Structures are given as C-alpha cells and as structure tokens.
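Student: I would like to go through this model term by term. Please set each value against its definition.

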Amino acid sequence: MKEPKFVAFSTQKGGAGKTTLTVTMASYLYYCMGLKIIVVDCDYPQYSINDMREREKMLLELSPAFKKTFSDTLLRTKLKPFPVLVCPPEEAMKKVRDLIEEGEDVDIVFFDLPGTVNNRGVVNVVNCMDMVVVPIAADNVVLESSLAFALKLQEWLTTGRSQIKGLYMLWNMMDAREKTDLYDRYEKLFEELGLATLRTKVPDTKKYRREGSETLERAVFRSTVMPPDKTLLKGTRLTELADEILKILKD
C-alpha cells in the first residue's frame, strides 16, 4: 500500500458478524500476508476485540497448548501481535494519525464501530473510510436493518456529506441450503438501489467462532494473536474475501 487504507465492516444490526470479520480479516492479512495492520476498537461499550485480546493474554498463561501455538507462530512469522487501539469513536482518527505521524508503518487500519449512525463521532469516522463493508444475511430483520444502514451511507455520499471511497454489501453467514435465486433477487435489488455487492459470499460455518480454549487442545480460527489455522481455512472463503478486498483497495 502506498498510504494507509481505512476499512470498516459496519452495520447497525448486532449479530451480522462485523466483529468476527474484522478480527479474522485483520489476522489473515497480518500474520499470513505480512501487511502492516492496526485494529481500532471503538465499539463502545462492549469493546469486543479488546476483550478478545485480553482473554488471549490470559490463555497464554493458562493454556500450554495455546501458548505453544502462539510461540510457534511467533517463531515462524517474527510478528508480535498487531496493535489494538481502544477508544471512543470521536478519538479514533486522532489516535491513528498520531501513531502514523510517530512513524508506525501501516498498510490497513480496521475499525470496529458501534452499530449506529446517530452518533457524531461514528459519522466522522465512517466518513474517513476508504472502504465500508456492510455484512448482510438471508434473514429479514438483518437484511432490513443492514439495507437501511447502507442506504443512509449512500445518501451521505450522493449529497456530498461523506468522503467514503467505496461502499459494498457482503453476504455473510450464507446458508448453503438457501436457494441461490434468493441471493440473486436481493443482489438485483441492491443493484437497482445503486449498491455494489462483493462477489465473495462467506458461508455459515462454526470455524469462524473457533477461539482458543483453556481446556481444549484445538486449532484456532478467530484470534488477535495468531493467524486462522491453515487446516481450517478450506471452505471459509476468507482467502477469497481478502483477495477481493485487497484488489479493490489497490485499484
């Protein structure tokens, strides 16, 4: 990247998977592809990503299996865990810019934002994004909420109130049992509304929820301190999603 890119998986509906997508994408790009990544957790009040980082610090003390996997990763990649900045939305951009001005080498900054567009701090952060990805699922409540959110951002774009460079819908937690024409119909609707949809569709798989455990020795997929386990990558479409996002950011 010639200059840092700002990216947010964002929606106002909880349970759409924005935090999981943020963590897994950041970890894949950092630990597997070598890109310089910062994650900014400003999803007040839960700060889920920071909580995950703190849980993993505890696991390094409590779980020999987790500690060994982490140590092996560190030895192989020579990469310490990527920075996780914690702050309210109104302080997010200043914290990032201060870090960059101090000489931090950054390719992509991921922002985990609160699910609202009624907060001035959130609006100001969203308006700085190079790419906003709105996760959607084949569920009427999620679809209606996420579509309303996307249309609000689009309205800001068309009226000149926002500088977002790219706005994309993303099918997440896709159920293979659903008829493909359902997705085709909604994508046609998105197109009629002027909303772009990413080609990659992320399947509904428990792999995305696989974290480290104090008692179980198992491969880890969702983590802030190590990459998604290679043996679990197949069928998750995470690699394809990363490639598509990088191509958009570089164009």
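Student: Which residues are linked with Lys18 in a network of salt bridges?

Tutor: Asp43 and Asp112 are linked with Lys18 in that network. A salt bridge here is a side-chain nitrogen of Lys or Arg within 4 Å of a carboxyl oxygen of Asp or Glu. The structure holds 14 salt bridges.

Student: What are the ground rules for these values?

Tutor: This is a predicted model, so local features need pLDDT of at least 70 and side-chain atom pairs count only at pLDDT 80 or more, while totals for chains, interfaces and linings use all residues. Residues are numbered from 1 along each chain as its sequence is written, and side-chain values use heavy atoms, with hydrogens and water left out.

Student: What makes lysine 94 and aspartate 98 a salt bridge?

Tutor: Their side chains meet at 2.8 Å, N to O. The cut-off is 4 Å, so the pair qualifies. Lysine 94 and aspartate 98 are 4 residues apart in helix H4 (residues 89–101), which means about one helical turn separates them. An α-helix has 3.6 residues a turn, so residues three or four places apart point the same way.

Student: Why is lysine 94 called exposed?

Tutor: Its relative accessible area is 56%. Exposed means over 50%, buried under 20%, and partly exposed in between (1.4 Å probe, protein chains only). Aspartate 98, at 29%, is therefore partly exposed.

Student: What does the salt bridge between glutamate 187 and lysine 201 tie together?

Tutor: The side chains of glutamate 187 and lysine 201 meet at 3.0 Å, N to O. Glutamate 187 lies in helix H7 (residues 180–192) and lysine 201 in the loop between E7 and H8, so the pair ties together parts 14 residues apart in sequence. Glutamate 187 is partly exposed at 21%. Lysine 201 is partly exposed at 23%.

Student: How do you know that strand E5 and strand E6 pair?

Tutor: Two strands pair if DSSP finds at least two bridges between them. Strands (E, at least two residues) and helices (H or I, at least four) are DSSP runs, numbered from the N terminus. E5 (residues 131–136) and E6 (residues 167–171) are joined by 5 bridges and run parallel, so they pair. Valine 132 stands opposite leucine 167, and proline 135 has leucine 170 as its bridge partner.

Student: How many bridges join E6 to E7?

Tutor: E6 and E7 are joined by 2 bridges and run parallel. Methionine 169 stands opposite threonine 197 there.

Student: What makes E3 and E7 edge strands?

Tutor: The sheet is open, with 7 strands in the order E3-E2-E4-E1-E5-E6-E7 and parallel pairing. Strand E3 (84–86) and strand E7 (196–197) each pair on one side only.

Student: Why is E6 called mostly covered?

Tutor: Of its 5 residues, 5 are buried. Leu167, Met169 and Trp171 are buried on one side, and Tyr168 and Leu170 on the other.

Student: How do you know what span to expect for helix H9?

Tutor: The expected span is 1.5 Å times one less than the number of residues. Helix H9 (residues 238–250) has 13 residues and reaches 18 Å from its first C-alpha to its last, close to the 18 Å expected.

Student: Which elements do the buried residues of H9 pack against?

Tutor: Among them are strand E1 (5–9), helix H1 (18–32) and strand E4 (108–112). Contact means heavy atoms within 4.5 Å. The buried residues of H9 include Leu238, Leu241 and Glu244.
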